[in-house]
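Here is a short briefing on a protein model. It covers salt bridges, pockets and a surface patch.

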Amino acid sequence: MNITNHLYYLGINDRKKHLFENNWPLPFGVSYNSYLIADEHTALIDTLEYGAYPNYLGRIEEILKGRDLEYLIINHMEPDHAGMTGEICRRYPNIRIIANNKAFKMIENYFGFTHNLMEAKDGDLLDLGRHKLQFVMTPWLHWPETMMTYDTADHLLFSCDAFGSFGCLDGGIFDDELDFDYYYQDEMLRYYANIVGKYSGMVQKALAKLAGVPLRYICPSHGPIWRTQPTKALGLYDKWSKHQAMEGVVIAFASMYGHTEQTADYIARKIAEQGIKHIRVYDVSKTHVSYILRDVWKYKGLVLGSCAYNGDMHPMMRQLCHELEMAAPKCKVYGLFGGYSWNGGGLKKLQTFASAMDWEEAALSADILGAPDAEKLAPCNILAQAIAAKIKE
Ligand code: FEO
């Protein structure tokens, strides 16, 4: 698959894996994208997860037609991209690995290689002939050693995880060849929220570095290649990393026997009566936390509710709170509620969690003893009105 002159796409779809990083569900699979430049000199830009593409080496040989592979550029050491480094280096023993000094220790620890390493520093150039590559250090997107590679000839950015997406490339590999709205946009945000979002400050630094750089293509290491709308990818990352969310509310609840769920549904209805259309209600025991976190990133309002469980919040709500602490989405307007049968604890622990999140509380919380009724639910009316008013501001 030719992208531009001498530049080949060597990606593969993984439809077998259930969990990315053994953690994040992959309902639409995932692609690993690797790129080969066969110019006057030859360079491979990132590899694949080990074993994902049985004929990967054969495909490289086919393109190179007997030529040697001179450079392997490692933008990121996570094994879904660097996993084939050992195989590549054994097949091409003279190859020089180009990476930054933070990656060198990882290369040694993963593969035992300490030789044939060429350090890439910010702004360094590699002349391959027509293609002249420039290295851009973008640390913490999302590991300390991450960098990008910019092709000054074709104005093309190899961005690794940044601007990438979960989801296989079902035929179309370019943004104009596929239905981005079908699932890629949501899966791109789910990737961002769960994997990159914690480092949103570093995303802003990377975007500032890329400002003014001509970009005809963005070639990420997962998901579609941006050749028609690279500015759309930049704009989405800018919006997400600035924590700009849209009008809407996520209501996530943990309920053992249904009382807390009834409260969640009641609040959802009351928010809808205030004219809010984007309301997403999630049972944390059923929906994987990655989908909830994606929508927390998407919408401005957040309501969390938990039944008491051993004097604490429910374990599945605890997991969501842990992920929220890790990813640290900002600028949320929130409300809380609880349910209990004797002395509570769920709401109290939610309050402790939320008070440390630097979010804005819309209204005081409701803690409901036993089955909810109109009287017990009255504080929820105030919560619903307050959160709807604040997210409309
Ligand atoms: Fe796609 Fe950070 O690996």
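Arg-91 is partly exposed, because its relative accessible area is 38%, which falls between the 20% limit for buried and the 50% limit for exposed. Its partner in a salt bridge is Glu-61, with N and O 2.6 Å apart. The model is a predicted one.

**Salt bridges**

- Side chains of opposite charge can pair when their charged atoms come close.
- The count for this model comes to 20 salt bridges.
- Glu-61 sits in helix 1 (residues 56-64) and Arg-91 in helix 3 (residues 85-91), so their pair ties together parts 30 residues apart in sequence.
- Glu-61 is partly exposed, with 34% relative accessibility.
- Arg-190 pairs with Glu-187, and their closest N and O atoms are 2.8 Å apart.
- Both Arg-190 and Glu-187 belong to helix 5, 3 residues apart, or about one turn of the helix.
- Are Arg-190 and Glu-187 buried or exposed? Both residues are buried.
- Asp-312 and Arg-318 form another salt bridge, with the closest N and O atoms 2.8 Å apart.
- Asp-312 is partly exposed at 22% relative accessibility, and Arg-318 is partly exposed at 34%.

**The largest pocket**

- The volume of the largest pocket is about 320 Å³.
- Its lining has 19 residues, and the closest to the centre are Met-256, Cys-307, Ala-308, Tyr-340 and Ser-341.
- Helix 8 (259-272), strand 19 and strand 21 (333-340) each give two or more residues to this lining.
- Which element gives the largest share of the lining of the largest pocket? Strand 19 does, with 3 residues.
- The lining of the largest pocket holds 8 nonpolar residues, 11 polar ones and no charged ones.

**The second largest pocket**

- The second largest pocket has a volume of about 240 Å³.
- It is lined by 15 residues, and Gln-185, Leu-189, Lys-239, Met-246 and Lys-298 lie nearest its centre.
- Helix 5 (180-196), helix 7 (230-241) and helix 9 (289-298) each give two or more residues to this lining.
- Helix 5 gives the most, with 6 residues.
- The lining of the second largest pocket divides into 9 nonpolar, 2 polar and 4 charged residues.

**A nonpolar surface patch**

- Met-256, Tyr-257 and Tyr-309 make a nonpolar surface patch of about 370 Å².
- Tyr-309 lies in strand 19 (residues 299-309).
- Tyr-309 is partly exposed, with a relative accessible area of 32%.
- Met-256 belongs to this patch and is also among the residues closest to the centre of the largest pocket.

Technical notes: Residues are numbered from 1 along each chain as its sequence is written. This is a predicted model: local features need pLDDT of at least 70, side-chain atom pairs count only at pLDDT 80 or more; totals for chains, interfaces and linings use all residues. Side-chain values use heavy atoms; hydrogens and water are left out. Patches are made of residues with over 30% relative accessible area and no salt bridge: like charges are joined within 9 Å, nonpolar side chains (Val, Leu, Ile, Met, Phe, Trp, Tyr) within 5 Å. Accessible areas come from the Shrake-Rupley method with a 1.4 Å probe; for residues, only the protein chains shown count as cover. A salt bridge is a side-chain nitrogen of Lys or Arg within 4 Å of a carboxyl oxygen of Asp or Glu. Helices (H or I, at least four residues) and strands (E, at least two) are DSSP runs, numbered from the N terminus. Buried means under 20% relative accessible area, exposed over 50%, partly exposed in between (1.4 Å probe, protein chains only). On a 1 Å grid over the protein atoms alone, a cavity is a set of points where a 1.4 Å probe fits but cannot get out, and a pocket is an open set with protein on both sides within 12 Å along at least five of seven lines; lining residues have an atom within 4 Å of a point. Grid points are joined across faces, edges and corners, and a volume is the space filled by probe spheres set on the points. Ala, Val, Leu, Ile, Met, Phe, Trp, Tyr, Cys and Pro count as nonpolar, Asp, Glu, Lys and Arg as charged, and the others, Gly among them, as polar.
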